[in-house]
Amino acid sequence: MVAKQFNISWMLIMVFFYTFLLLLACTDDAKQPTYAKDIAPIIYKYCTPCHRPTQPGHYNFTNYQQVASNAEKILYVVRNNQMPPWPADADYTHFVNEQVLSRDEKKLLETWVSLKCPMGDSSKIPPLPTFGNGSMLGEPDKRIAVKPIALEGNFRDRFLLIKVPYELANDTLIRAVEFVPGNTRVVHHVNGDMVRFDFDKKQNVFDGEWVSDMKLDSTIQMAYKKIGVLHDDESYPTLIKSIVNYLPGVIAQQYPDGIGGWKANKKNAFLLADLHYGPSEINTWDSSYINIFFAKNIPYRPLKEFQMGTLGVSKIEPALIIPPDKITSYTSKYTIDKDISILTVNPHMHLLGKSFKAYALTPQQDTIRLIHIPRWDFNWQFFYTFKKMLKIPAGSTIVVEGVFDNTSNNPFNPHHPPREVRDNNGSMRTTDEMFQFIVTYLPYETGDENRSLAR
Ligand code: HEC
């Protein structure tokens with residue numbers, strides 16, 4: 001009797017066990033990634049914004065065929081953290097609009113490729129997202145045309161300096177400025193400033209030729225004069241730096257209402273301090289424009305900024321004279337005397353950059369991490385906005401560490417054989433170097449550390 005009871009319980013256990021195994025097998029099956037269910041959403045989110053017709057990435061990833069036939073390449077660039085372009089180390093600090101695949105997403109991709117890219121139920125492929133052409137921020141309050149540029153099909157890069165003058169109805173507070181490329185195949189990147197003329201010294205903001213080729217006008221002074229950025233007495237106006245920036249796939253800087261904003265005079269100009277056109281094989285042209293967005297009628301906390309390193313508030317140690325055939329390190333340190341809230345950071349080096357790190361040391365010797373770029377990539381220089389404002393207490397020292405590779409192993413080294421390179425008074429030529437860290441901040445207010453910067 002006892003034995004029989006045991007048998008029945010045993011049988012029940014076995015039945016449960018096999019049901020469990022079966023269930024496990026089914027869920028395991030469902031875990032096998034397919035394009036329709038798992039991979040398309042990953043590709044659409046991280047890759048398709050730049051890899052579709054009219055965008056600069058040469059491959060198009062908009063359907064199964066394109067993705068499956070390049071699966072090995074895709075896996076390679078994802079494993080190496082080469083794509084999507086996001087040079088900042090996501091294990092160090094996080095930022096708004098971070099473009100980094102999670103470990104699970106990477107794993108899905110790996111398994112999918114190892115299974116030879118199963119399609120799954122093709123009727124379940126999500127529809128391709130609609131990608132805005134033109135503004136990524138919405139309807140602008142004012143659209144200002146950049147002077148159209150003709151580009152020769154000579155396979156050469158071009159670096160232009162362009163004045164973009166405008167006139168508004170009134171002096172206005174602006175919350176965001178967006179550069180919209182006309183010809184996305186050739187516009188590589190833009191860094192632009194706002195010009196603040198002293199109107200006693202400037203009759204006409206529209207004067208000058210507006211466009212300078214940085215290769216042809218040998219000095220900044222000559223270039224500024226030609227495009228009409230100098231005052232009438234040839235003195236320099238004030239520049240509010242880095243207000244309008246563009247990199248493919250990157251959404252223009254914008255903060256929540258009440259944070260940031262810049263006063264714009266009724267008559268004013270932007271200065272595209274560095275508009276880089278990539279090489280083109282055909283004669284073509286570009287007609288880009290700038291969108292501006294007015295701030296809501298509420299109090300704003302105007303942005304402040306300091307710049308460390310080249311041309312900045314803190315010197316580089318040792319001086320940035322980079323010997324050939326060596327890998328060398330430099331630091332720059334700056335102690336702040338008031339509590340501040342950091343919003344955005346922008347590391348900047350040229351072609352010899354190898355890695356970049358910045359952090360703050362508090363008076364108690366605690367480290368507050370700012371940013372780490374383990375593998376510098378000249379092509380992808382972002383403005384990184386923290387997810388929440390980052391409080392740095394008074395008395396902290398911000399430390400920036402840069403490593404430069406001036407050997408012939410650096411594939412971007414512009415000199416063959418390598419030769420001594422330095423920061424020539426902030427020359428923007430890519431064959432000179434720079435080591436800069438730009439910090440956008442606000443004077444600290446209670447509660448800042450809990451304020452989200454995602455808009
Ligand atoms: C911000 C725009 C952008 C995003 C997002 C992006 N790419 Fe790219 N990708 C580019 C550009 C531009 C190039 C051309 C090469 C270069 O300049 O680095 C490129 C090149 C490539 C290449 C060729 C690399 C080589 O060495 O030839 C592959 C493969 C690639 N991307 C795959 C991907 C995948 C996969 C994703 C998503 C996980 C992705 N990309 C996301 C812009 C982007």
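Strands S7, S12 (304-309) and S22 (435-443) each contribute at least two residues to the lining of the second largest pocket. Helices (H or I, at least four residues) and strands (E, at least two) are DSSP runs, numbered from the N terminus. The model is predicted: local features need pLDDT of at least 70, side-chain atom pairs count only at pLDDT 80 or more, and totals for chains, interfaces and linings use all residues. Residues are numbered from 1 along each chain as its sequence is written, and side-chain values use heavy atoms, with hydrogens and water left out.

S7 supplies the largest share of this lining, 6 residues. The lining comprises 16 residues, of which Lys241, Trp262, Leu303, Glu305 and Thr440 lie nearest the pocket centre. The space in the second largest pocket is about 270 Å³. A pocket is an open set of points on a 1 Å grid over the protein atoms alone, where a 1.4 Å probe fits, with protein on both sides within 12 Å along at least five of seven lines; lining residues have an atom within 4 Å of a point. The volume is the space filled by probe spheres set on the points.

His51 (NE2) and Met83 (SD) coordinate the iron atom of the ligand at 2.0 to 2.3 Å. Donors are N, O and S atoms within 2.8 Å of the metal (3.2 Å for Na, K and Ca). The 6 donor atoms around the iron subtend angles of 84 to 178 degrees, so the arrangement is octahedral. Six donors count as octahedral if opposite donors are over 155 degrees apart and all others between 65 and 115. His51 sits in the loop between helix H2 (35-46) and helix H3 (64-69), and Met83 in the loop between helix H4 (71-79) and helix H5 (103-114); the pair therefore ties together parts that are 32 residues apart in sequence. His51 is buried, at 12% relative accessible area. Met83 is partly exposed, at 29%. Buried means under 20% relative accessible area, exposed over 50%, and partly exposed in between (1.4 Å probe, protein chains only).

In helix H6 (residues 220-227), Ala223, Tyr224 and Ile227 are buried. Seen down the axis of H6, the buried residues fall within an arc of 95 degrees, so they line one face of the helix. The arc is taken from the directions from the helix axis to the C-beta atoms. These buried residues pack against strands S3 (158-167), S6 (211-213), S7 (238-246) and S9 (267-277). Contact means heavy atoms within 4.5 Å. Gly228 follows H6, with a positive phi near 85 degrees.

Technical notes. Four donors count as tetrahedral if all angles lie between 85 and 135 degrees; four count as square planar and six as octahedral if opposite donors are over 155 degrees apart and all others between 65 and 115; anything else is irregular.
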